[in-house]
Amino acid sequence: MNEDRIAGNWKQFKGKIKEQWGKLTDDDFDVIAGKRDQFLGKIQERQGIVKEEAEKQLTDWQKRNPDFRWDE
């Protein structure tokens, strides 16, 4: 997937991500920048949960949003 498409995908889904994890800040989104590992870390940090719970929440969210693609 090219960079423009990844960037557009990330912008499109930012609102949906904010609905699920409202404690994330705009600065967090700049750090995450569509990368799954950074996103998991920020979920853990902001939500105060363990890695396994963050992974479960993210996996569940991805199942509800199958068109979303990570910049891996």
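The following legends describe close-up views of a predicted model.

In this model local features need pLDDT of at least 70 and side-chain atom pairs count only at pLDDT 80 or more, whereas totals for chains, interfaces and linings use all residues. Residues are numbered from 1 along each chain as its sequence is written, and side-chain values use heavy atoms, with hydrogens and water left out.

**View 1. The largest nonpolar core has 15 residues.** Such a core is a set of buried Ala, Val, Leu, Ile, Met, Phe, Trp, Tyr and Cys residues joined through side-chain atoms within 4.5 Å; buried means under 20% relative accessible area with a 1.4 Å probe, protein chains only. Among the residues with the most contacts inside this core are Trp10, Ile17 and Leu58. Helices H1 (3–20), H2 (26–32), H3 (36–47) and H4 (51–64) each give two or more residues to the core; helices are DSSP runs (H or I, at least four residues) numbered from the N terminus.

**View 2. Trp21 and Phe39 form an edge-to-face aromatic pair.** Their ring centres lie 5.2 Å apart, with 85 degrees between the planes; rings of Phe, Tyr and Trp (its six-membered ring) pair if their centres lie within 6.5 Å, and planes under 30 degrees apart count as stacked, over 60 as edge-to-face and the rest as tilted. Trp21 lies in the loop between H1 and H2 and Phe39 in helix H3, so the pair ties together parts 18 residues apart in sequence. Phe39 is buried at 0% relative accessibility.

**View 3. Trp21 and Trp61 form a tilted aromatic pair.** The centres are 6.1 Å apart, with 50 degrees between the planes. Trp61 belongs to helix H4, 40 residues from Trp21, and both residues are buried.

Notes. Buried means under 20% relative accessible area, exposed over 50%, partly exposed in between (1.4 Å probe, protein chains only).
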